[in-house]
Amino acid sequence: MERVDRRRRLSCLGVALLALILLGGSVAWLFRDELFHPFGDVRACEGSDAELPGVIVAGGATLPADASDVHYYTKGGTAEVTFTSDRVPDYLHRTGILPEDGDLFDEKYGEKGVAADEIELPEGLCGSSLRGPVRDFHPTGPGGHAVSVTVETSPIAPDLLRSPARTVITFDLP
């Protein structure tokens, strides 16, 4: 009789343990984005130490309205954000990096960057890699904010951006 009670207790304990494992796995699956991304933000890359708001402002301007595949990495008061957009020239104008009458490919405002087929994102930043060639833009003077921008250019037409263009921006957090 004692043996039957012992077996019954062990089988009940096994069923309860299995139920707890299934329940825990289900909860982890339901909240996987919140559990495995810093701050519960799917845009945040692992290791980020500061959360960015829902509307990211970099260089005094919001990201383009059509920005997609947005990811960010923050560390030590600096943020790096990557996204794809067809409106990068507009963003460069709004930040002051490129004056309204400035030519996107004028050497005064930016220079050719790496021309490799695939360019890794800066360390810590997650998302799709850049496809070369790229162009690097830096603040040009009192109107430009402290933001650096790297954007994919067309491999066929040297005076066009890819459509949409993957962009990486680096800026200091307020």
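Reply:

D69 lies in strand β3, residues 68–75; strands here are DSSP E runs of at least two residues, helices are H or I runs of at least four, and both are numbered from the N terminus. This is a predicted model, in which local features need pLDDT of at least 70, side-chain atom pairs count only at pLDDT 80 or more, and totals for chains, interfaces and linings use all residues. Residues are numbered from 1 along each chain as its sequence is written, and side-chain values use heavy atoms, without hydrogens and water.

The phi of D69 is near 50°, a positive value in a residue that is not glycine. D69 counts as partly exposed because its relative accessible area is 35%; buried means under 20%, exposed over 50%, and partly exposed in between, with a 1.4 Å probe and protein chains only.

Two prolines elsewhere also have backbone features to note. A cis peptide bond with omega about 0° joins G132 to P133, and P133 sits in the loop between β7 (130–131) and β8 (134–137). The bond from S163 to P164 is cis as well, with omega near -10°; P164 is in the loop between β9 (147–152) and β10 (165–172).

K108, in the loop between α3 (88–95) and β5 (110–112), is exposed because its relative accessibility is 61%. From K108 to F137 the C-alpha distance is 9.3 Å, across 29 residues of sequence.

As for the whole, the protein has three helices and 10 strands, in the order α-α-β-β-β-β-α-β-β-β-β-β-β from the N terminus. Of its 174 residues, 36% count as buried.
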